[in-house]
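Look at the sequence and the model before reading on.

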Amino acid sequence: MPIKVTRIFDLPYSQLENYNLEKAFSTKYNGEWKSISSKEYIDKANTVSRGLLRLGIKPNDKIAVISTNNRTEWNICDIGILQTGAQNVPIYPTISKEDYEYILNHSEATYCFVSDKKVLDKLNLIKGNTKLKEVFTFDEVLGEKNWNEILELGKDESNQEEVEERKNNISPNDLATLIYTSGTTGQPKGVMLSHNNIISNILACAIRFPLEAGTRALSFLPVCHVFERVILYVYQYLGVSIYFAESIEKLSENAQETKPNIMTAVPRLCEKIYDKIIAKGADLPFIKRLIFFWAVRLGLKYEPYGANGKWYEKKLKIARKLVFHKWKEALGGEIDLMISGSASLQSRLVRVFSAAGLTVVEGYGLTETSPVVAANNEINRGIKIGTVGKLLDGIEVKFSEQNEILVKGPNVMLGYFKDPEKSAEAIKDGFFHTGDKGSIDEDGFLTITGRVKEMFKTSGGKYIIPNLIEDSLKKSRFIEQVMVVGEGEKMPTAFIQLNFQFIKGWCERHDLKSLSTNEEFINNPKVIARIQKEVDLCNSKFGNWEQIKKFTLTKEEWTVDSGHLTPTMKMRRNVIKNMYNLEYEKMYDRA
């Protein structure tokens with residue numbers, strides 16, 4: 001009888017039965033790619049399960065996993081943990097040690113797997129304040145316990161029958177994982193997702209993205225985030241060989257080595273890739289530069305399904321041959337599809353990458369919805385630029401009076417761990433309240449129009465939707481990040497982080513070669529005047545009450561490590577505002 005996938009740990013067995021991949025997972029160790037097959041994946045997962053049982057792991061115990069990068073070991077441990085009836089608690093490696101402590105204590109994790117010494121050192125600072133019995137490392141770290149000790153414990157197969165018994169007692173509706181939302185405010189919340197929550201989403205996504213067996217995927221977004229994690233499960237279900245990039249910095253190099261056909265992305269990455277390409281184009285000799293920017297302008301007008309007509313398609317064919325083929329070559333030359341999630345993706349990026357033959361499809365979801373609610377896809381004319389696509393099968397959406405998106409379906413979480421009050425606030429009559437505003441058009445495509453809570457009123461009673469203004473400003477090559485503020489104030493203002501790499505090149509071309517530091521850039525009158533032009537251009541597209549009257553340039557780059565951004569690259573709005581409270585007061589003439 002064919003294996004029916006109803007629980008997460010059914011996936012590798014289904015893969016073995018249907019595809020029996022020689023390279024299920026590939027990770028680069030010390031400069032060399034090492035792969036494991038579908039069979040080895042299962043064997044090692046069972047070995048981990050047997051080892052954990054010998055440690056005394058019981059059903060519903062919590063085991064944390066913290067990894068700096070995606071790697072084969074994470075996936076083996078994931079299945080090994082779940083087969084015992086315990087739950088996997090993935091933790092972002094980049095969060096503070098205080099957040100480590102909070103999540104480990106709140107989840108009551110008893111064991112933890114970590115990738116390397118860097119994570120271990122941070123964990124050891126708070127380990128004594130937790131209930132952790134042991135920590136095991138994936139990398140060899142002198143004097144520390146290694147995950148090979150678990151594999152050694154599990155070598156003896158005499159308790160495999162107990163593993164099978166545990167598996168048989170796990171229902172699809174049982175809790176599978178606790179995922180703590182990175183959150184832009186307040187303490188992280190532990191989202192409880194069942195096997196069925198996640199499996200229902202995997203099966204619905206697999207219909208939308210019917211990838212051929214043997215397709216190669218490159219994975220680099222944090223697997224601790226539900227978006228990448230579920231995508232990896234989809235890959236496993238469809239027989240896709242998965243390669244793990246060493247880091248975002250080595251993404252292009254690893255793509256050249258592995259030649260992926262598909263990868264996931266977040267908008268920030270797409271923006272960075274685009275900015276780098278444009279910067280290189282600006283440095284080309286005159287004739288080549290003219291051709292390059294002709295191709296880019298053409299790409300920015302792209303519409304799918306030949307909607308621009310035959311003459312446009314002929315020009316696009318020339319642009320692809322002369323310019324755009326090099327864009328694909330930078331990512332290995334064989335990539336056809338990028339799936340973007342986590343935040344809103346600017347339409348111009350979808351257009352220009354798709355024009356380059358690198359189709360970018362945007363989807364929408366949340367941790368609480370396991371995660372995908374809607375997605376663009378290439379089947380049955382399923383792409384509409386500017387939207388996040390059509391709802392997945394089995395998912396229902398309705399809208400509140402404020403146009404808040406309310407979601408119902410098998411993918412909606414069980415609730416927040418140890419927090420029945422917040423669970424009841426979030427899920428009413430079976431509908432999860434997303435906090436996002438949106439609409440569905442006559443063709444069934446969902447569009448996200450903003451956040452319910454992020455929209456604010458000025459003191460004059462006018463509503464401001466910050467993300468619309470921010471997205472417009474971020475089209476400028478001068479601007480890397482921007483946050484619009486001004487709730488209860490007479491006008492909106494903005495904090496702006498410059499694209500310092502682009503600014504440096506601009507200064508060199510405009511007799512400002514003496515400027516070299518971020519502080520010098522943001523305080524130079526010519527730079528400020530140039531940014532004012534960008535703000536003025538943006539303002540021309542908005543009503544008077546929405547226009548940015550003042551702005552502050554920040555010398556810091558907004559990163560996860562600096563605290564400005566969440567691990568999924570979303571702005572921590574309250575944190576950023578507090579960081580620049582003095583500058584905020586100055587913009588409103590109070591300091």
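Helices here are DSSP runs of H or I with at least four residues, numbered from the N terminus. The model is predicted. Helix 21 spans residues 581–587, and D589 lies in the segment after it.

**Backbone geometry**

- Most residues other than glycine have a negative phi, and most peptide bonds are trans.
- D589 has a positive phi, near 55°, and is a residue other than glycine.
- D589 counts as exposed because its relative accessibility is 55%, and exposed means over 50%.
- E108 also is a residue other than glycine with a positive phi, in this case near 65°.
- E108 sits in the loop between helix 4 (97–107) and strand 5 (111–114).
- The relative accessibility of E108 is 37%, so E108 counts as partly exposed.
- S370 and P371 are joined by a cis peptide bond, with omega about -10°.
- P371 belongs to the loop between strand 13 (359–365) and strand 14 (372–375).

**Packing of helix 4 and helix 5**

- Two packed helices are described by the angle between their axes and the distance between the axes.
- Helix 4 packs against helix 5 (residues 117–124) at an angle of about 75°, and the axes are 9 Å apart.
- Helix 4 is therefore roughly perpendicular to helix 5, a term that covers angles of 65 to 115 degrees.
- Helix 4 contributes K97, Y100 and L104 to the contact, while helix 5 contributes V119, K122 and L123.
- Of the residues in this contact between helix 4 and helix 5, four are nonpolar, two are charged and none is polar.

Technical notes: Residues are numbered from 1 along each chain as its sequence is written. This is a predicted model: local features need pLDDT of at least 70, side-chain atom pairs count only at pLDDT 80 or more; totals for chains, interfaces and linings use all residues. Side-chain values use heavy atoms; hydrogens and water are left out. Helices (H or I, at least four residues) and strands (E, at least two) are DSSP runs, numbered from the N terminus. Buried means under 20% relative accessible area, exposed over 50%, partly exposed in between (1.4 Å probe, protein chains only). Axes are lines fitted to C-alpha atoms, for helices over the stretch in contact, and angles run from 0 to 180 degrees between N-to-C directions. Angles under 35 degrees count as roughly parallel, over 145 as roughly antiparallel, 65 to 115 as roughly perpendicular and the rest as oblique. Contact means heavy atoms within 4.5 Å. Ala, Val, Leu, Ile, Met, Phe, Trp, Tyr, Cys and Pro count as nonpolar, Asp, Glu, Lys and Arg as charged, and the others, Gly among them, as polar.
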